[in-house]
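Colleague: I have the file open and would like to walk through it. Can you take my questions in whatever order they come?

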Amino acid sequence: MSAAKPTERGRLPRQIPFIIGNEGCERFSFYGMRNILTPFLITSLLMYLPESERPGAAKDVFHTFVIGVYFFPLLGGWLADRFFGKYQTVLWMSLVYCLGHLCLALFEHHPTGFYVGLGLIALGAGGIKPLVASFVGDQFDQSNKHWAKLVFDAFYWIINFGSFFASLLMPIFLRQFGAAVAFGIPGALMLLATVVFWLGRKQYVMVPPSPPDPDAFSRVLRSALLAKRAGQGRPGLWVAGAGVLAAFAALASSPALGFVIAACLALVALIGGVGGGAWLQMERARGLHPDAAVDGARNVLRVLVIFALTTPFFSLFDQKASTWVLQGNEMGAPDWFHPAQMQALNPLLVMLLIPFNNLVLYPLLRRRGYEPTALRRMTAGIAFSGLAWIVVGGYQLVIDGGDALSIVWQIAPYALLTFGEVLVSATGLEFAYSQAPASMKSVVMSFWNLTTTIGNLWVLIANAAVRSEMVTGHIAVTGLSVTAFQMFFFATFALLAALAFGAYARRYREVDNYRTV
């Protein structure tokens, strides 16, 4: 571990402002391009399609991009933990990120170049995503970890500070100055983010990459699955094998489902099969590995169940930049206002709700004898997202009935969804870091980001399903439009997930994995 200027024990690390400044610029960059992607695709790059097909195609491109962004944290976490360390990985991935923005600005009328740019941004943004958050955690030890929750909240606050101005301004720049400028400005901000991060290089605590570890998580799982016991079968190995076969079956279905959906389903099957199988036989790894390594591996698997149960939330949350924008296009709004600008309400509310929750709501709950633990907050957050979608589903019924509805009505579901976001996403960052064993900080944070990939997978599957005449026929029997049916479907999905999450959280025992020095 290295640091040019050791942190005074118990104090807020002085290098934190560099990381927070980097994150603010990077988030402006990311959300600046992300929040105008759907309207740009509909009005420009997808003009060759019939008008009725453009919204669905734009949603597919958008959610495929988001899947990539939240898949590549696996790669970034692995490179950082095993080879280059967090600082070097973030720095070089940031340059890839900048190149992607340049492609968007240069190839606004060329689909191949534009999609290459989206791919580079997905690689760069995804590659650094788990690392910056865990890099924040690396700056703390047991003496000053009481600052960590405040800094993680500030970290999430600055994300939304950048997102607010990006969401508010970029639709205006797209309309007034065109796509080259609208995509070029976020690129300039990403370059600034990279420079700010580089400027703090002499201040950072840099935890070196982990050397090859015979008791690493993957090795413990392998031992658990392959170890034999006299007179006992290996049911876990059969479960893992079934997961592998299901993964191959999913990949084989790619001609029908599309590569992205098939690959994501394969990943889900592989993680579920191997993880579930290892869980059944975890005790067999004892004696082959230290008890601490076995207990750590079991705890990681328990954390992954928590992560899996949050995926419905992200199905709902990310559709505010696609489904909700498309609904906004059907609502009444002033000529100067673009429906995509409603997304600025989300980060604005986050910036208000984080201090409100910490200074007012949580202390009030504690005074009344209710401790708002991380898992309780996340349970409530998933439920609030479901309520938000019940509201937008109700709006869609009004719109489908032919009645005019002002876009101002979207304020209510934005408020509900944002409250849910603060309870899930801001809490989840710190929870994921605190529960991760020291040797797997970046990888566990990558799995946390993977929840968004899986959440967007459910969206792609739902969108693919409603292209089937059999499915649309069943929906027609309900008397609902396809859009309204999907909204109520996702609302129900989230509410059921909240019930499952709350039931599992009651049995979960939190651990403290902050470093000791």
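**Starting from one leucine**

Modeller: Let me start with Leu301, which is found in helix α12 (residues 291-317). Bear in mind that this is a predicted model.

Colleague: Is Leu301 buried or exposed?

Modeller: Leu301 counts as buried, because its relative accessibility is 7% and the cut-off for buried is under 20%.

Colleague: Changing topic to aromatics. How many aromatic pairs does a search of the whole structure find?

Modeller: The search gives 30 aromatic pairs. One of them is Phe114 with Tyr115: the ring centres are 6.2 Å apart and the planes stand at 75 degrees, so this pair is edge-to-face.

Colleague: Why edge-to-face for Phe114 and Tyr115, rather than tilted or stacked?

Modeller: Because the angle between the planes is 75 degrees, and over 60 counts as edge-to-face.

Colleague: Are those two buried or exposed?

Modeller: Phe114 counts as buried, at 0% relative accessibility. Tyr115 is partly exposed, with a relative accessible area of 32%.

Colleague: Give me another pair. What do Tyr395 and Trp409 do?

Modeller: Tyr395 and Trp409 also form an edge-to-face aromatic pair, 6.1 Å centre to centre with 70 degrees between the planes. The pair links distant parts of the chain, 14 residues apart: Tyr395 is in helix α15 (residues 374-400), while Trp409 is in the loop between α15 and α16 (411-435).

Colleague: What about accessibility for Tyr395 and Trp409?

Modeller: Tyr395 counts as buried at 10% relative accessibility. Trp409 counts as partly exposed, at 48%.

Colleague: Which residues form one aromatic cluster?

Modeller: Trp324, Trp389, Tyr414, Phe489, Phe490 and Phe493 make up one such cluster.

Colleague: Where do charges sit over rings?

Modeller: Lys129 has its charged end over the ring of Phe30, 5.5 Å from the ring centre. Arg376 lies over the face of Tyr370, at 4.7 Å from the centre of that ring.

Colleague: Back to α15. How do the axes of α15 and α19 cross?

Modeller: The axes of α15 and helix α19 (residues 482-505) come within 8 Å and cross at roughly 165 degrees. That makes α15 roughly antiparallel to α19. The crossing of α15 past α19 is left-handed.

Colleague: What kinds of residues are in the contact of α15 with α19?

Modeller: The residues of that contact divide into 20 nonpolar, 8 polar and 1 charged.

Colleague: Now α4 and α5. What is the geometry there?

Modeller: Helix α4 (residues 73-106) and helix α5 (residues 111-138) have axes that come within 6 Å and cross at roughly 140 degrees. That makes α4 oblique to α5, and α4 passes α5 in a left-handed crossing.

Colleague: Why oblique, at roughly 140 degrees?

Modeller: Because only angles over 145 count as roughly antiparallel, and the crossing of α4 with α5 is at roughly 140 degrees. As for the residues of the contact of α4 with α5, these divide into 22 nonpolar, 12 polar and 3 charged.

Colleague: Last one, α18. How many of its residues are buried?

Modeller: Helix α18 (residues 469-478) has 10 residues, of which the number buried is 1, so the helix lies largely in the open. Gly479 follows α18, and its phi is positive, near 85 degrees.

Methods
Residues are numbered from 1 along each chain as its sequence is written. This is a predicted model: local features need pLDDT of at least 70, side-chain atom pairs count only at pLDDT 80 or more; totals for chains, interfaces and linings use all residues. Side-chain values use heavy atoms; hydrogens and water are left out. Rings of Phe, Tyr and Trp (its six-membered ring) pair if their centres lie within 6.5 Å; planes under 30 degrees apart count as stacked, over 60 as edge-to-face and the rest as tilted. Buried means under 20% relative accessible area, exposed over 50%, partly exposed in between (1.4 Å probe, protein chains only). Helices (H or I, at least four residues) and strands (E, at least two) are DSSP runs, numbered from the N terminus. A charge sits over a ring if NZ of Lys or CZ of Arg is within 6 Å of the ring centre and within 35 degrees of the ring normal. Axes are lines fitted to C-alpha atoms, for helices over the stretch in contact, and angles run from 0 to 180 degrees between N-to-C directions. Angles under 35 degrees count as roughly parallel, over 145 as roughly antiparallel, 65 to 115 as roughly perpendicular and the rest as oblique. A crossing is left-handed if the near helix is turned anticlockwise from the far one by less than a right angle, and right-handed if clockwise. Ala, Val, Leu, Ile, Met, Phe, Trp, Tyr, Cys and Pro count as nonpolar, Asp, Glu, Lys and Arg as charged, and the others, Gly among them, as polar.
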